[in-house]
Amino acid sequence: MTATSATSASSLAAGARQQSGAPPAPGSGGTARRRLRLPFSPWHLLLAPLALLFAVPLIWLLLSSVMSDAEINRFPPALWPHGIHLTGYRYVLGNAMFPRWFANSLIVSAVAVTSNLLLGSLGGYAFARMRFAGSKTLLTLMLATMAVPFQLTMIPTFLVMKKLGLIDTLGALIVPSLVTPFAVFLLRQFFLSLPRELEEAAWIDGCSRLRVLFSIVLPLSRPALSTVAVLTFLSTWNDLTWPLIAINHDVHYTLQLGLTTFQGQHHTKWSAVMAGNAITIAPVLLAFLAAQKSFIQSITSSGLKG
């Protein structure tokens, strides 16, 4: 038997074993290599350590909020509390102005989220479905405003709010945040990804544009609406620069501004400062975790069509 015929016979035998389910012959060149299957994506091996690294400041904040002042001021600082001390939380919650600051931030954030969802939906639908003179130019100008830093617009905004008589009121914090170009643009992108046939069928049935928007388009746009709501809430809740300019009296302070003043007055009470910041970030974390799935779905969908 020649070498060629021997090789062919060996290949046929290996193929027959594979079809019959028999294990490969020991020492044969056709031994199947089984790939190692992980119960999770291999990317998690990289993302998990990175997530832990980014979570270190948050973990340190939570641990420091239950430490005593002596442990926080110790050098080198303690990495783990020797006991749970709630003195900082009692100090913060016992401050008479803290609930008022929390309520002010909640009011401003709630109004900003509601107005951005409503006005952003109207503007985004107009840019996505309606064609009018100068629509592309207007969209371009609106997007260009996103590249202008707030430091260039805060003085004109302050003058406008002063003319309106809103300085040192919650209205000065609400009016500039009623609608943002980002909300209009994100909703427009998502509306473009929706099929027109649904809207055309509703028009044939006699629905107006507003009826189509509120009855058909918006129920299908919950991921995008959730994303706009979360991002608007985050930016409004965490805003410090504009409240610092527009608000003078502590009765109208937001939580971020109040905590800054609180920290300045009680700079040695670090347990109270940490406790106040832990309470401040709690609504932000809850809002993001509640809308995390919708957030990712919206970003993925709105990026499909330009």
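## Pocket lining and helix packing

By class, the lining of the largest pocket has 20 nonpolar, 13 polar and one charged residues; here Ala, Val, Leu, Ile, Met, Phe, Trp, Tyr, Cys and Pro count as nonpolar, Asp, Glu, Lys and Arg as charged, and the others, Gly among them, as polar. Please keep in mind that this is a predicted model, where local features need pLDDT of at least 70 and side-chain atom pairs count only at pLDDT 80 or more, while totals for chains, interfaces and linings use all residues. Residues are numbered from 1 along each chain as its sequence is written, and side-chain values use heavy atoms, with hydrogens and water left out.

The volume of the largest pocket is about 1,000 Å³. Of its 34 lining residues, Phe150, Pro176, Ser177, Thr180 and Pro181 are the closest to the centre. On a 1 Å grid over the protein atoms alone, a pocket is an open set of points where a 1.4 Å probe fits, with protein on both sides within 12 Å along at least five of seven lines, and lining residues have an atom within 4 Å of a point. The volume is the space filled by probe spheres set on the points, which are joined across faces, edges and corners. At least two lining residues come from each of H5 (98-129), H7 (150-163), H9 (181-192), H12 (222-237) and H13 (241-246). Helices are DSSP runs (H or I, at least four residues), numbered from the N terminus.

Now for the helix pairs. Axes are lines fitted to C-alpha atoms over the stretch in contact, and angles run from 0 to 180 degrees between N-to-C directions.

| Pair | Axes | Angle |
|---|---|---|
| H6 (135-144) and H9 | within 9 Å | roughly 130° |
| H5 and H10 (196-204) | 13 Å apart | about 95° |
| H12 and H15 (270-290) | within 10 Å | roughly 170° |

Angles under 35 degrees count as roughly parallel, over 145 as roughly antiparallel, 65 to 115 as roughly perpendicular and the rest as oblique. H6 and H9 are therefore oblique to each other. In their contact (heavy atoms within 4.5 Å), Leu139, Met142 and Leu143 of H6 meet Pro181, Val184, Phe185 and Arg188 of H9. That contact has six nonpolar, no polar and one charged residues.

H5 is roughly perpendicular to H10. Tyr125, Ala128 and Arg129 of H5 touch Arg196, Glu199 and Trp203 of H10, giving three nonpolar, no polar and three charged residues.

H12 and H15 are roughly antiparallel. Val230, Phe233, Leu234 and Trp237 in H12 meet Thr280, Pro283, Val284, Ala287 and Phe288 in H15, a contact with eight nonpolar, one polar and no charged residues.
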